[in-house]
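User: Please take a close look at the pockets here. I would like to know what lines them.

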Amino acid sequence: MSSSSGPESSPQLDPAGLEQIEEIEQGAPRVRALGTSKSSGERAGGWVTAAWALPGTLWLGFYLVLPLVFIVLVSFWTYKLGAKSGFTTNWTLENYGTIVHSSTYWHNMLTSVYTSLIAVVACLVLGFPIAYFLALKVHTLRNQIALFVIALAPFWTSFLVRSVAWTYPLSDVLSRFGVTTPSTTSVRLAMIQLYILFMVTPLFFTLSQVDRTAMEAARDLGGNWWQMFREVILPQILPGIVIGSIFIFVLTMGEYGTVLVVGQNYVQSVGTIVNSYITGAVQYPQGAAAAVLLVLALIAGVFAITRFSNLREDL
């Protein structure tokens with residue numbers, strides 16, 4: 001006597017069927033290529049990603065990582081005097097000892113840090129109104145792009161030409177105030193003009209993404225412009241401020257071209273000190289040690305700047 005299943009009973013699904021149902025409920029693809037599995041698809045995707053990343057990795061490794069490694073190695077080598085001066089691969093810490101005990105190097109290091117901080121603050125103060133106008137006051141995308149391209153006009157010429165172009169105007173203006181020789185002030189003014197677009201550009205893009213409805217809500221709630229800027233705009237543009245600050249800090253800390261051209265050998269920086277070790281005294285190990293300490297100072301500065309915003313979460 002056969003017994004039929006009652007309404008309470010239900011057909012039993014095999015584990016594979018349960019797995020497919022779970023994948024469908026979780027939004028997984030319903031169709032999978034014949035003869036492939038989930039693990040093989042993940043492996044194939046990993047190889048494709050690695051293939052796309054390989055050219056950029058090789059480029060950065062050869063032009064960025066490898067030179068830095070070579071500079072670090074040279075900084076531990078020994079300088080050789082004589083008719084054929086140069087260096088040998090005898091490992092020593094004497095180069096770092098010479099730089100650490102050099103008051104001139106550390107004085108110029110502190111001066112360069114101070115100059116970089118001035119450049120960052122000045123570019124932020126002067127660049128924010130430009131970016132604010134382009135992003136929030138110009139309402140059509142066509143006009144925004146046109147004005148932004150005009151703002152980028154200084155980049156149509158080389159860096160050296162722009163530095164030379166500032167030499168005479170700055171000298172003439174400062175001479176009217178009694179400054180007869182190039183000074184640190186003239187170099188700082190030139191740096192602000194040369195690097196301000198590195199602050200305007202990230203500010204422009206972050207301001208373009210500011211939530212307009214939040215700004216309108218702040219106005220409807222009776223907030224003035226400063227309150228709206230502090231509570232609505234500033235939290236959304238912090239990543240742009242951090243990125244622009246990093247660009248300007250790094251570029252101005254290692255700057256020596258503008259210092260040489262505008263300063264006309266009256267002004268020194270940590271960049272000119274490193275350059276003098278290499279081109280003047282031809283002491284490559286000491287110059288490499290000075291460069292390594294400069295890179296460490298740059299890393300510390302960038303780390304301090306990034307504390308103001310979590311770029312990975314805010315962008």
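This is a predicted model: local features need pLDDT of at least 70, side-chain atom pairs count only at pLDDT 80 or more; totals for chains, interfaces and linings use all residues.

Analyst: The largest pocket has a volume of about 380 Å³. A pocket is an open set of points on a 1 Å grid over the protein atoms alone, with protein on both sides within 12 Å along at least five of seven lines. Points are joined across faces, edges and corners, and the volume is the space filled by probe spheres (1.4 Å) set on them. Lining residues have an atom within 4 Å of a point.

Residues are numbered from 1 along each chain as its sequence is written, and side-chain values use heavy atoms, without hydrogens and water.

Helix 2 (38-74), helix 12 (270-280) and helix 13 (284-306) each give at least two lining residues. Helices are DSSP runs (H or I, at least four residues), numbered from the N terminus. Helix 13 has the largest share, with five. By class, 13 are nonpolar, three polar and none charged. Nonpolar means Ala, Val, Leu, Ile, Met, Phe, Trp, Tyr, Cys and Pro; charged means Asp, Glu, Lys and Arg; the others, Gly among them, are polar.

The second largest pocket holds about 250 Å³. Its lining has 13 residues, with Leu117, Val120, Ser245, Ile305 and Phe308 nearest the centre. Helix 4, helix 10 (225-253) and helix 13 each give two or more. Helix 4 supplies the largest share, five residues. Here 11 are nonpolar, two polar and none charged.
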